[in-house]
Amino acid sequence: MRLVGPAGEQVGIVRIEDALRLASESDLDLVEVAPQAKPPVAKLMDFGKYKYEAAVKAREARKNQTNTVLKEIRFRLKIDTHDYETKRGHAMRFLGAGDKVKAMIQFRGREQQRPEMGIRLLQKFAEDVAEVGIVESTPRIDGRNMVMVIGPVKNKAEAKAEARRATQRADAKAANEAVKAGTEKVDTTPDKAPMTQSLADLLPDGYSTTASQEAAEEAAAQKVIDAEVAAKEAAAQEIVDREKAVQDKADKEAAAAEAAKAAKAVEKAAAEAPKAPAKPKTAEKPAAAAKPAAAPKPMATPKPMAMPKPSTPKPASKAAPRSTPSRPKPGTSD
């Protein structure tokens, strides 16, 4: 098959096993784009992302899609002026919304013998709505009726966009009027004016109104200036706090480094301290060698007394003729 890379580059003709291996290595999906081609064309892509983008495009297309509707306006040959103006108003509203209008005149009885009267009425109607519509099909006879189609000057999408902009302008105007009405003072006092010591009551009405407007504008400008100053102060304070945090962090790191250095010094001193008293111990070793003279181990053991077991009893039996009896030695049996 012919393989296409994720960026649209042409990889070439490869085997299916190699294409699957490349897809697994790049963590992408192998999608067959043109199965009818010879050889078939496949592309490496993220299939989930592709489906999402396709759905978004379809939704946008449906949003911008406009379905033109054919509205129908019916006349009679002997229509009254008021009814005609009403029908014309409906047609202008339909055309302004982007829809087509089908104007139809119904003939009855001997009116069918005067088609020129219907043509004149439809031409007048087309001239009256020429501001928002143009004639797409000239008047023609359809059985007992005469029909003419008028199309809008602006399509439905443009009409919708214009209506949306008009709505936004109306909302903005209403908001501005509400703000302006909120800044003006509403007089809720009774007919009798209360006593006051303000000099503004002595000024003319126009001047007082102008002064109040100027005061409101100055107050609004002062609020804007205060907001800007507060924002600048907040930004400066944020910079100061950031620098302070950086300095505190550097101080902590320096203190940690000093503590680590002191700990290393203490460990080094502790490691070197036992080496000094080790020398006297080596000097005292000869004194420890004189211990056998102070405590002779062969004298403390009773083993030499227990040694004459086989030979000592025999000389004792030979000395029996002596006149002086001898005490039995300890450790000998009678």
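**Rings, cores and strands**

Trainee: Which residues form one aromatic cluster here?
Mentor: F75, Y84 and F125 make up one aromatic cluster. Rings of Phe, Tyr and Trp (its six-membered ring) pair if their centres lie within 6.5 Å; planes under 30 degrees apart count as stacked, over 60 as edge-to-face, and the rest as tilted.

Trainee: What sort of model is this?
Mentor: This is a predicted model, in which local features need pLDDT of at least 70 and side-chain atom pairs count only at pLDDT 80 or more, while totals for chains, interfaces and linings use all residues. Residues are numbered from 1 along each chain as its sequence is written, and side-chain values use heavy atoms, with hydrogens and water left out.

Trainee: Back to the rings, then. How many aromatic pairs are there?
Mentor: The count comes to four aromatic pairs. One of them joins Y84 and F125 edge-to-face, with 6.5 Å from centre to centre and 75° between the planes.

Trainee: Which parts does that pair tie together?
Mentor: Y84 belongs to helix α3 and F125 to helix α4, so the pair links parts that are 41 residues apart in sequence. Helices (H or I, at least four residues) and strands (E, at least two) are DSSP runs, numbered from the N terminus.

Trainee: Are Y84 and F125 buried or exposed?
Mentor: Both Y84 and F125 are buried. Buried means under 20% relative accessible area, exposed means over 50%, and partly exposed lies in between (1.4 Å probe, protein chains only).

Trainee: What sits over the ring of Y84?
Mentor: The charged end of K124 does, 5.1 Å from the ring centre. K71 likewise lies over the face of F94, at 5.4 Å from the ring centre. The rule asks for NZ of Lys or CZ of Arg within 6 Å of the ring centre and within 35 degrees of the ring normal.

Trainee: How many residues are in the largest nonpolar core?
Mentor: That core has 19 residues, and F75, I105 and F125 have the most contacts inside it. Two or more residues come from each of β5 (70-76), α3 (81-96), β6 (100-106), α4 (115-128) and β8 (145-152). A second, separate core has five residues, among them L3, V14, A23 and L44. A nonpolar core is a set of buried Ala, Val, Leu, Ile, Met, Phe, Trp, Tyr and Cys residues joined through side-chain atoms within 4.5 Å.

Trainee: What is I105 in contact with?
Mentor: Neighbours within four places in sequence aside, I105 is in contact with F75, R76, L77, G118, L121, L122, R144, N145 and M146. Contact means heavy atoms within 4.5 Å.

Trainee: Changing topic: how many salt bridges are there?
Mentor: The count is seven salt bridges, each being a side-chain nitrogen of Lys or Arg within 4 Å of a carboxyl oxygen of Asp or Glu. One of them joins E25 and R21, at 3.3 Å from N to O.

Trainee: Where do E25 and R21 lie?
Mentor: Both lie in helix α1 (residues 16-25), four residues apart, which is about one turn of the helix. E25 is exposed at 56% relative accessible area, whereas R21 is partly exposed at 41%.

Trainee: And which residue does E238 form a salt bridge with?
Mentor: E238 forms a salt bridge with R242, with the closest N and O atoms 3.2 Å apart. They are four residues apart in helix α6 (residues 205-272), so about one helical turn separates them.

Trainee: Is strand β4 mostly covered or mostly exposed?
Mentor: Strand β4 (residues 41-45) is mostly covered, as four of its five residues are buried. Strand β1 (residues 2-4) pairs with β4 in the parallel sense over three bridges, and L3 stands opposite A42 in β4. Two strands pair if DSSP finds at least two bridges between them.

Trainee: What about β3 and β4?
Mentor: Strand β3 (residues 29-34) runs antiparallel to β4, with five bridges joining them. V31 has K43 in β4 as its bridge partner. A hairpin of six residues connects β3 to β4.

Trainee: Where is P39 found?
Mentor: P39 is in the loop between β3 and β4. The peptide bond from K38 to P39 is cis, with omega near -5°.

Trainee: What is the phi of D27?
Mentor: D27 has a positive phi of about 55° although it is not a glycine. Most residues other than glycine have a negative phi, and most peptide bonds are trans. D27 lies in the loop between α1 and β3 and is exposed, with a relative accessible area of 69%.
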